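Please look at the sequence and the 3D structure below. A short report on selected parts follows.

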Amino acid sequence: MNHNAVVIGGNRTPFAKVGGKLAQASNQDMLTSALEGLIARYGLAGERLGEVAAGAVLKDASDFNLTREAVLGSSLAPSTPACDLQQACATGMETAVYISNKIRLGQIEVGIAGGVDSASDAPISVSDPLRRILLRANAARSARQRVKALSAIRPQHLAPKAPSINEPRTGLSMGGHQAKTTVAWEVTREEQDEIAAASHQNLARAWDEGFFDDLVTPYLGLTKDAILRPDTTVEKLAKLKPAFGGPEGTMTAGNSTALSDGASAVLIASEEWADAHDAPKLATIVDSEVAAVDHPGGEDLLLAPVAAAGRLLKRQGLTPADFDFVEIHEAFASTVAATLKAYEDEDYCVKVGLEGAIGAIPRDRLNVKGSSLAAGHPFAATGGRIIASTAKMLHEKGPGSKALISVCAAGGQGIVMILEGI
Amino acid sequence: MSALETLYRTPVGKGIARKAGLADPPRLRRGRTWPDGAIVTAALADSTLVTETLALLRRPVEAPIVDTPADTPPAYGTRIGALVVDAVGISSLDDLEALRALLRPAVRGVERSGRIVIVAAEPAGDWERQAIAQSLDGITRTVAKELRGGATANLVMVAEDATPADLLSTLGFLLQGRSAFVDGQTWHVAAGGTAATELDERPFVGRTVIVTGAARGIGAAISRTLARDGATILGVDIPASGESLAAVMNEIGGTALQMDITAADAGEKISAHFAARGERPYAIVHNAGITRDRMLVNIDAARWASVLEVNLAAQMRINASLLDPDNAGGLADGGRIVGVASTSGIAGNKGQTNYAASKAGVAGLVRAMAPDLASRGITANAVAPGFIVTDMTAKIPFVQREVFQRSNSLSQGGQPVDVAETIGYLLDPASASVTGQVVRVCGQNLVGQ
C-alpha cells in the first residue's frame, strides 16, 4: 500500500498580466493548453491516467466541472476522471497533495495536479436583489405573477458585481492586510524592493539559461512570462508610488504581484509507474501541511505558512539548514520578508503553537529561479509552477537534495510542502 | 490572397488559364498504393534481379509489348501500371535499342501516375559499358520529361552483387504512391546490407525517430507519416514553437522536446532524453532549417552564420553526440540518419548563398558519413526537396509561385508528405543498402541534376 509519489515533470502556459495576451482565454482554454503541453512532453496522448485534479479561484458557476471538461478537451483518454479542488491561492498545492496522497495509498498510479486562473476573464455576477427577483420570476406560475416579480427590478439592481478579492470578514483587501503585517514586522521599502528586483533578475536568468524550455509551452503567441522585466533594479523600483498602506506605505505595484492569467499542470506518479513507463523521476513529494490563522481576530493574514512549516519540519525531523532550496510564494515582497522574520521570531512561533523559532533561511537558497513577483500569480496556477520548477532544480542538484515550498492563501491559510530530489 | 490569385481561382479565371496553357496539373497517386494496371517487366540481359525483387514484393508481372521495326507501333490494350526494366548486364550500344523498343509502347501506354523504373549495374567495365551506363541516366531523365499524367521515370543503379533483398525497399518505394514527387532521378543501391524478405507496411513499430523542426510544415508531415508507419516520434522544435509542436505530437502520440538545436549541448540533451528512459533512438531526421535570403553583396557575417549554424553546424554536433559509442542514449547500431538538403544547394539559387552553402553541405555530409558508419549498420542519406507547398512557400507572390511550382515535369508543387514518404523510405530498416544518397523530391525540377 505504501508508494512514493514522484514528480515526473510539469508544464505551464507563460503567465500574463490581466488584460494581456491571454485575456481572451477562458480558464478551461488555459487549463486545456497546460494539459496539452504536459501530455506532449511526456507522450501521454491517448493514455488513461488515474485522475486529474485542478481548480481555479475565480470560477464561474457554469465551470463546475472545469477540470473534467479540460480533460475531455485534451488528448488524454476520455476515460481519465477529474475533479475540481479549491483552496484559494493554495489550490495548485492542494491538488498535488490530493493526487500524491492517492498515489501513496495505491488508489491511483499516476495523475496530474494543476490549476488555472484568469483575472481577465473573471466571472461577473448580478446583484443579490436582482438574482432573487429573477429566481422568483422563474418560479412564477402565471404570467401575471411573473410580471409582478419582474416589476420589482430597480435601476441600482442592474449594476454587475465583479468578483471581490477582499477578505469577507474584514473587508480589507489582501494588500490592505499585508500592509498591516508590513508595519507590524517593520519590513522596509528597501527590503521589499530588493526581493522584487531579485525575483525579476533570477527569473530572467532562468529564462536565458533555457531553464523553462521543458517547463513552459507557449500559448496564444505568448512564449515567455509577460510580466517579467529583466532590466528591473532596486533603483527603478524605488521610484514607484505606494499602492497599499496609505501615503506612507512601502508596498508598490513593483513589489506586489500583478493580477495575472495562466495555467499550470504537474505530472505525478508512483515510482513503479515511472519506471514501467521509462519516465524521468525528478523529485519525491515527501510531505505537506496546511495551517490557518485567525485573521479576523487580528493575526497576520498571510503568515499562516509559518505555523505549517514549523509543524511539518518537526514531523520530518528537519531544520532550515537541511534545505537546498526554499520557495516562498511572493504574494507580496513584504510577505516573503515577514515570513522570514517570523521563522526567526521565538515569540511568534510559540504563539502559533510551535516549540520555538524555526530558524533562519539562507537568502541565497530562496526563490533562486524567481517567483511570483516576476512570473505573475494566476492564483491557482502558482502551486503547479513552483512544484514543477522546484522538482527540476532538485533533480539537477542531485539525489537527496531537499526543498521547502511555502504558499500563503486567502482566508488566513497557508500550505507548505517538502520535495526531495531523485 | 492577391486579387489576381482570387480571380485565377474563379471558374472564369480557370477557363482562361486553361486556354493559356495553365491546365490543372495531374492529381498524383500517393501513399502505400500500387499502380492500378499491370506491372510489366523485362530483362535486357540475363539478370533475374528485378523479377525476383517483384516476387518478394508479391507483385504479379506481365510480359511487355515490344516495338519491332517495320511494323506499325504495337500498343498495350489496356493501360499498364508500370514498366520495370532490368538493364543489369547490358554490355553494348545495341542493348539500348532493346530498351527503346520496351519504352516506346510503355511511354504511350502507361497509366496516370504510372511508373517507369530502370534498374542497371553501376558503371564499370570497358569504355563502351561505362558510356551506356551514363546513357541510361540520360534516357531516364528524358523519358521523365516526356511522360504525362503524373507518371514518373527513375533509374536505380545497383552494386554488382546486390540481391533482391537489397533492392526490395527501393523498388517498392518507386512503384508505390509514396514516390509521387520523385521523378527523373538516379540513385544507388549497395549490396549485402539486408536480408529483408517483404515490404513491411509498418516498418517502424517499436522504434523511436527524432524529427527536428517538427512543429509545422514538412517536419509535421514527416512526423505524421512516420507515425502512420509505426514510429514513436520525438519531435524537437524551438521553445517558441512549443504550442504547435505539442499539438502535432499529441495528434500522433509522440513526445515533444522544446529545444534550440543550435545549443552547444543539444545532442547531449536529446540523448539524455533517451538515456533517462533506458532507450536508444533508431533514427534522426534533421529537418529543422531556416532561410535568411539576401543577394551575396548584402549578406553580412550574422546572416551567413545563422543559416549555416541551424542548417548544418547544429546537425553535425548532434550527429557527433548521437554517434558517440559511449553515449547511453545515442543512436542504436543499424540506425538511420537523414538530412534535408535542397535543390537550392544542388543547382544554386539567387539570393541564397548562405542557404545553398548549408544545404549542399548537408549533401556532402551524408556522402562523407555513409562509408564511415557502414560497419555499424548505420546509414546516412539526404532528401533534397524542390518546390514544396507549405506556409513558407505560400508567402511567395502568386505569379512567381505559379511559375516556380510549375517548373518541373509534374507541373505542380510537391506536398510535404512527398518529402516525408521519401524520408520514410530511407529510414526503412529494409533500406540498409541505401546509404550516402541524396534523393531529390522535386518532380524533376528544371534546374539542377
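## Strand 5 of chain B

In strand 5 of chain B, B:Thr152, B:Asn154, B:Val156 and B:Val158 point one way, B:Ala153, B:Leu155 and B:Met157 point the other way, and all are buried. Buried means under 20% relative accessible area, exposed means over 50%, and partly exposed lies in between (1.4 Å probe, protein chains only). In a regular strand the side chains alternate between the two faces of the sheet. Strand 5 of chain B spans residues 152–158, and seven of its seven residues are buried, so it is largely enclosed by the rest of the structure. Helices (H or I, at least four residues) and strands (E, at least two) are DSSP runs, numbered from the N terminus.

This is a predicted model: local features need pLDDT of at least 70, side-chain atom pairs count only at pLDDT 80 or more, and totals for chains, interfaces and linings use all residues. Residues are numbered from 1 along each chain as its sequence is written, chains are lettered from A and ligands numbered from 1 in the order in which they are written, and side-chain values use heavy atoms, with hydrogens and water left out.

## The sheet and its crossovers

Chain B has six strands in an open sheet, ordered 2-1-3-4-5-6, and the pairing is parallel. Strand 2 (61–62) and strand 6 of chain B stand at the edges with a single partner strand each, so one side of each lacks a neighbour in the sheet. Two strands pair if DSSP finds at least two bridges between them. Strand 3 (residues 80–86) and strand 4 of chain B are joined in the parallel sense by six bridges. Here B:Val84 stands opposite B:Val117 of strand 4.

Strand 4 (residues 110–121) of chain B pairs with strand 5 of chain B in the parallel sense, over seven bridges. B:Ile116 has B:Ala153 of strand 5 as its bridge partner. From strand 4 of chain B the chain crosses through helix 5 (residues 127–146) to strand 5, and this β-α-β crossover is right-handed. A crossover is right-handed if, with the strands pointing away from the viewer, the path from the first strand over the helix to the second runs clockwise. Strand 5 and strand 6 (residues 186–189) of chain B also pair in the parallel sense, over four bridges. The bridge partner of B:Met157 in strand 6 is B:His188. The chain passes from strand 5 of chain B through helix 6 (residues 164–175) to strand 6, and this β-α-β crossover is left-handed.

Which residue caps the N-terminal end of helix 5 of chain B? B:Asp126 does: a side-chain oxygen lies 3.2 Å from the backbone nitrogen of B:Glu128. At 1.5 Å a residue, the 20 residues of helix 5 of chain B should span 28 Å; the end C-alpha atoms are 29 Å apart, which agrees. The expected span is 1.5 Å times one less than the number of residues. The buried residues of helix 5 of chain B include B:Ile132, B:Ala133, B:Leu136, B:Asp137, B:Thr140, B:Val143 and B:Ala144. They cover an arc of only 160° around the axis, which puts them on the same side of helix 5 of chain B. The arc is that of the directions from the helix axis to the C-beta atoms.

Cover for the buried residues of helix 5 of chain B includes helix 4 (93–109), strand 4, strand 5 and strand 6 of chain B. The face turned away from the buried side of helix 5 of chain B carries the exposed residues B:Trp127, B:Gln134 and B:Glu146. In helix 6 of chain B, 12 of the 12 residues are buried, so this helix is largely enclosed by the rest of the structure. Among them are B:Asp166, B:Gly172 and B:Phe173.

## Selected residues

B:Ser113 is in strand 4 of chain B. At 3% relative accessibility, B:Ser113 counts as buried. Beyond its neighbours within four places in sequence, B:Ser113 is in contact (heavy atoms within 4.5 Å) with residues including B:Arg27, B:Arg29 and B:Gly150. B:Val248 belongs to helix 8 (residues 242–252) of chain B. B:Val248 is buried at 5% relative accessibility.

A:Asp324 is in the loop between helix 10 (304–316) and strand 10 (325–328) of chain A. At 24% relative accessibility, A:Asp324 counts as partly exposed. A:Asn367 has phi near 45°, a positive value in a residue other than glycine. A:Asn367 is buried, with a relative accessible area of 3%.

Note on methods. A polar contact is a pair of N or O atoms within 3.5 Å; within protein, one must be able to donate a hydrogen and the other to accept it, and residues adjacent in sequence count only if both atoms are side-chain atoms.
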